[in-house]
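I opened this model to look up its sheet, a few of its helices and its charged pairs. My entries follow in the order that I made them.

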Amino acid sequence: MSPLPRAILASAPAPVRAQTVLVGCSAGEWHTFPSLLISVFLVRRGYRVVYLGANIPVEQLAETAETIQPNLIILSAQRLPAAASLKSAAEKLRNFPLAFGGLIFNLKPDLISFVGGHFLGPALNHAVNRVEQLLLAPSANPPPQLTSPEAFSGLGSFLENRGVIESN
């Protein structure tokens, strides 16, 4: 984690609530601002937050969750490849309460049911209230549903042409 997020989270008051929330970005996701912001909001509300940052490999995330035993795991995905890796993470973490959000789920709502976790909603300001609901009244993760092939249209093409796309 870079010094700025560490400093922001360290400046918050000590947790006053017993619940621990693990927050990070799914594998392949480098856009950390939404996950950092929700971490700050939760810390300010008194929760113990373990902020992991960007691009968390599924295996590392699973090991961390086993060690910490969080009350909730929150993952963020802004792009389609990160949504696919978030689904893999949800499968690996099925024994933990999982919540998620990100721009890709607003752009392609079909993907929400594909993941198998609690969607935090389309806006960050409502996500914190949803997190508190999940912490106060835990419920099983909704099971993943099959999604239409159209929901992932473009992913194969993106992956094939990723080098060209990212070099421009």
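Entry 1. I began with Lys87, which counts as buried at 13% relative accessibility. I kept in mind that the model is predicted, and that side-chain atom pairs count only at pLDDT 80 or more. The side chain of Lys87 meets that of Glu91 in a salt bridge, with 3.1 Å from N to O. I looked up where the two sit: both are in helix α4, 4 residues apart, about one turn of the helix. An α-helix has 3.6 residues a turn, so residues three or four places apart point the same way. Glu91 has a relative accessible area of 39% and is partly exposed, whereas Lys87 falls under the 20% cut-off for buried.

**Entry 2. The other salt bridges.** I searched the whole structure and noted 4 salt bridges. One of them joins the side chains of Glu132 and Arg17, at 3.6 Å from N to O. I checked burial for both partners. Glu132 counts as buried at 13% relative accessibility, and Arg17 as partly exposed at 32%.

I then took Glu59 and Lys92, whose closest N and O atoms are 3.2 Å apart in a salt bridge. Here too the pair links distant parts of the chain, with Glu59 in helix α3 (residues 58-68) and Lys92 in helix α4, 33 residues apart. Glu59 is partly exposed at a relative accessible area of 46%, and Lys92 is partly exposed at 43%.

**Entry 3. Sheet order.** I traced 5 strands in an open sheet, in the order β2-β1-β3-β4-β5, with parallel pairing. The edges are β2 (48-56) and β5 (118-119), each of which pairs on one side only. I went through the pairings next. β1 (residues 20-26) pairs with β2 in the parallel sense over 6 bridges, and Leu22 stands opposite Val50 in β2. β1 also pairs with β3, in the parallel sense, over 5 bridges.

**Entry 4. Strand β3.** Is β3 buried or exposed? I found 5 of its 5 residues (72-76) buried, so the strand is largely enclosed by the rest of the structure. In a regular strand the side chains alternate between the two faces of the sheet. I therefore looked at each face of β3, taking buried as under 20% relative accessible area. Leu72, Ile74 and Ser76 are buried on one side, and Ile73 and Leu75 on the other.

On bridge partners, I noted that Val21 has Leu72 in β3. β3 and β4 (residues 98-101) run parallel and are joined by 4 bridges, and Ile73 has Leu98 in β4 as its partner. From β3 the chain crosses through helix α4 (residues 80-92) to β4, and I recorded this β-α-β crossover as right-handed.

**Entry 5. A residue of α4.** I looked up Ser88, which is found in helix α4. Ser88 is partly exposed, at 36% relative accessibility. Its C-alpha atom is separated by 9.8 Å from that of Gly116, 28 residues away along the chain.

**Entry 6. His118.** His118 lies in strand β5 and is buried, with a relative accessible area of 5%. I found the backbone oxygen of Ser139 at 3.3 Å from a polar atom of the His118 side chain. Leaving aside neighbours within four places in sequence, I listed the contacts of His118: among them are Leu98, Ala99, Phe100, Arg130 and Leu134, as well as Ser139.

**Entry 7. Helix α2.** I compared the length of α2 (residues 33-44) with expectation: its 12 residues should span 16 Å at 1.5 Å a residue, and its end C-alpha atoms are 16 Å apart, which agrees. The buried residues of α2 are Ser35, Leu36, Ile38, Ser39, Val40, Leu42 and Val43. Just after α2, I noted a positive phi of about 95° at Gly46.

How values were computed: Residues numbered from 1 in each chain as written. Predicted model: local features only at pLDDT ≥ 70, side-chain atom pairs only at ≥ 80, totals over all residues. Heavy atoms only, no water. Pairing = 2+ DSSP bridges. Buried < 20%, exposed > 50% of the residue type's maximum accessible area, 1.4 Å probe, protein only. Right-handed = clockwise from strand over helix to strand, strands pointing away. Polar contact = N/O pair within 3.5 Å; in protein donor to acceptor, adjacent residues only side chain to side chain. Contact = heavy atoms within 4.5 Å. Expected span 1.5 Å × (residues − 1).
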